[in-house]
Amino acid sequence: MSSLIECEDVWKIYRVGDVEVQALRGLSLTIEQGEFVAIMGSSGSGKSTLMNILGCLDQPTKGHYRLNGIEVGNLKPDHLAGIRNQQIGFVFQSFNLIPRTSALENAQLPLFYRGLSLKEQRAQAAAALGRVGLQGREHHYPTQLSGGQQQRVAIARALVTSPSLLLADEPTGNLDTQSSQEIMKILETLNRDEGITIILVTHEVDVAAYAAREIVIKDGQVLSDRVTRARPTSSPVEA
Amino acid sequence: MSAFVWLTILTALRILARNRLRAGLTMLGIVIGVAAVIAMVSIGEGAKRAVQAQIATMGTNVIIIFPGVTSASGVRGSQGSAVTLTVSDALDLKKRIPLLADTGWTRRDVMQIVYGNRNWNGPINGISPSYLTIRDWSFTSGGPFSQTDLDSAARVALIGQTTVENLFEPGEEPVGAVVRIKNVPFRVIGVLAPKGQSAQGSDQDDVIFIPFSTAERKVFGTSFIGSVGAMFGSTDQVEDLPMAAEQIREVLRARHRLQTEQNDDFTIRTQVDLGKVQEGTSETLTMMLFAIASVSLLVGGIGIMNILLVSVTERTREIGVRMAVGAKRHHIMMQFLIEAMTLSLVGGALGIVLGITGAKLTTLIAGWPTIISGNVIVIAFFFSLVVGLFFGLYPANKAARLNPIEALRYE
C-alpha cells in the first residue's frame, strides 16, 4: 500500500500581471496514514499554497501529487470536489460555519452533497457532534456558541464523512488559550484513537508540539522535516 | 424528490423568510406582471364572451344582404340608399339555392307610434314572417303573424321590450291593445323577448314589426313596390355560410344583369364575418396584454437576477465552504436556481391571487363580466417559473464558477 500523501517535485507558479510568483518550488514530501504533522513557516513561505494543494482545492503547476495513490494533478473540478467530499476534512482558522444555520445542519453539510437520506445525514451529524462533546447543542446557531464550540462544530463537520485526511489551517488562530488546548486535545485524540491523519498549519510552537512530526517550509521548499515525538507503535489504526 | 433538492428548497424558503422585505420587493415585478396578465385576460375573456353572446342574438347562421349605394355624378349615397333588392330577389334566392334554409326581408323607417295618450318614436319594420325565425326572435306573450297576415296586409304588430316600456304602463298587457302608426290602427298580437344590445351597440328591443305588405301599402307609402331594406338568409350549417354567400352573389348578379366589369350593387355579410371583426379586436387586445406582461415579467426577472447577484456576493464565503466540503458545480448551480425559482414562483402565486382578486373586484365595482380561465393561471405560473430559471441562470453560473480558494478567502 502506498503512502497517504506523496508530493514529488511539486511546483506552483502564479502569474500576477506580468510577474511570475513561484509559490512552491519543487517541493517533495511523503506523509503516511495515521501521522500527525505540523507544517510551519512564515507567511509567504508557500505553506498556504501547499495546504490548498494537499486539500485538493488547487492543483500543482508541475510535479506530482498522489493522494491514496490517486494522481490529483489533472482531475476536473467536480472530480476534485468528490475527492474532498470522500477523503478530506477541513478545519479553518475562522471556523467558516454557515451563518444562521444550526450546528447540526453545519455538521450535515458534507453528507448533504453525498446524497444520503435526511435521516441518515442527521444521525451521522449528531454522532459527529457527540464526538467533539457538543451533545445537546445540535440546534444552536453559530452566534449562540463560543469560539471554541464553533471550532468543534467545524471539526464535527470535517469528521462526519470519516475522512482519511484532516487538514487544519491555524485551527487555534482565533481562539483563547483554554479553547485552543481543548481543540488540540480533540485533534490529538482523533489521531491517537481513530488513526485519522492530521496535517496542521500553525505559527505557534506549543500548538505544533501536539504533532509528532514538524515540517518547516521556506521559499516554497521543505526547510526541515523532523520527527518530534515517536509515533505510538500500538496505534489502533483501522481497528 | 431527493433529500438534496428538498433541503435546498427548504433553505431557499428560509433565506426568503429571513429577508422578507428584500424578497418582497424583488418579487414585486413578477407579482405585478402575473396579476396584470390574469386580471386583464379575465376581463378580456369576459368582454369577448359578451360580444359573442351579442353576435349570437343575430340568429343562427345568418347572412345579411344590403342594397348597394346610389351614385349621382360620382357622389355616392350611404349604404342601402339604392333600391336594388326586391322581394322577388329574396323569393328567387330561396328557390335557386338549396343551401339556404330560408330567406326573409325587411324594410324599416323611424315613425311615431301612438297608444292612448302616449307616443314613442321607434323603428317600424315591415318584415316577412320568415324574418322572425331567421333572427331567432321569441315571444314573452302572444305570438308571430302568419303568411295569411302578410298576404292580406293585416294590421297586426309585434313590439319589442323597449317599445313596450315606453308606451305601456308597467304591468299593462300589450297583447290585444291597439296602437296607431301614421293614424293606421294596429292590433298588438305579440311581445318580443328581449335581445339586448346588438354587436354594433344598438338597442335591438326598440322595435315594432308589422307585415311587410301592410308596411308597404299603408304606412311607408313606398314608391318602388317590392323593394326591401335588407334581405336575410340562413343556412342549416355554419360551414355552409361562405358557400351560400357566394351563390347568393352569383344569383343576384345574374338577376340584376351586372356585367363582369360592374361592381356588385349589394353587400353580403355573414355572421362569421361579423365574428371575425370582433376576433380581430380581441386579438389586438391580447397582443397588448402580452406586451404588458412581457415587460413586467422582464423587469421582474431582472430584479431577481440583481438580488441573486447580491446574494452570491454576500455568500461567497459560504459558497467556498460548500465547495470545500465537496459541493460540485451543479450543486451550487442548483442551489441558486432553486432560490431564483422559489422567488419567482412565490411571486407568481401572489400574482395569481392578486390577479383573481383584481378581476373579481372589477366585476364587483365596474360590473364588467370577467372569466377566470384555468389556462391563464397555469400559463402565468409556468411563465414565472421560466423567468426564475432564465434570470437565475447567470447568477447561479457565476456562483458555480467561483474558485473555492478565493471564495474561502473572501471578506
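Okay, one term before we start: the radius of gyration here is taken over C-alpha atoms, and the globule rule we compare it with is 2.2 Å times the number of residues to the power 0.38. Keep in mind that what we're looking at is a predicted model.

A compact globule of 411 residues would come out near 22 Å, but chain B has a radius of gyration of 33 Å. You can see that in the overall dimensions too: the C-alpha trace of chain B spans about 105 × 55 × 40 Å along its principal axes.

How is chain B divided? There's domain 1, made of 3-54 + 277-409, and domain 2, which is 83-264. The C-alpha centres of those two domains of chain B lie 56 Å apart. In terms of secondary structure, chain B has 13 helices and 12 strands. Buried residues make up 40% of its 411 residues. And if you take the contacts in chain B with a separation of 6 or more, 80% of them are between residues 24 or more positions apart.

Now, the insides. In soluble globular proteins, nonpolar side chains tend to be buried together. Here the largest nonpolar core has 121 residues, and the ones touching the most other members are A:Ile39, A:Ala156 and B:Ile38. Which element gives the largest share of this core? That's helix H2 of chain B, residues 20-56, with 14 residues. There's also a second, separate core of 50 residues, and B:Leu132, B:Val179, B:Ile208 and B:Val228 are among its members.

Leaving aside neighbours within four places in sequence, A:Ile39 is in contact with several residues, including A:Leu50, A:Val201, A:Ile215 and A:Ile217.

That takes us to the sheet in chain A. It's an open sheet of six strands, in the order E6-E7-E8-E3-E9-E10, and the pairing is mixed. What about the edges? Strand E6 (88-91) and strand E10 (221-227) of chain A each have a single partner strand, so one side of each is left without a neighbour in the sheet. On average, neighbouring strands of this sheet are turned by 20 degrees against each other, direction ignored.

Let's zoom in on E9 of chain A, residues 213-218. Six bridges join E9(A) to E10(A), and those two run antiparallel. On its other pairing, with strand E3 (residues 36-40) of chain A, E9(A) runs in the parallel sense, over four bridges.

Last bit: where do the chains meet? 20 residues of chain B are in contact with 23 residues of chain A. On the chain B side, helices H1 (3-18), H10 (316-324), H11 (329-366) and H13 (404-409) each supply at least two residues. Which of them gives the most? H10(B) does, with six residues.

That's it from me, thanks!

Key
Residues numbered from 1 in each chain as written. Chains lettered and ligands numbered in written order. Predicted model: local features only at pLDDT ≥ 70, side-chain atom pairs only at ≥ 80, totals over all residues. Domains from an automatic or database assignment. Buried ≥ 20, exposed ≤ 12 C-beta atoms within 10 Å, placed from the backbone. Contact = placed C-beta atoms within 7 Å. Core = buried A, V, L, I, M, F, W, Y, C linked by C-beta atoms within 7 Å. Pairing = 2+ DSSP bridges. Axes fitted to C-alpha atoms, helices over the stretch in contact; angles between N-to-C directions.
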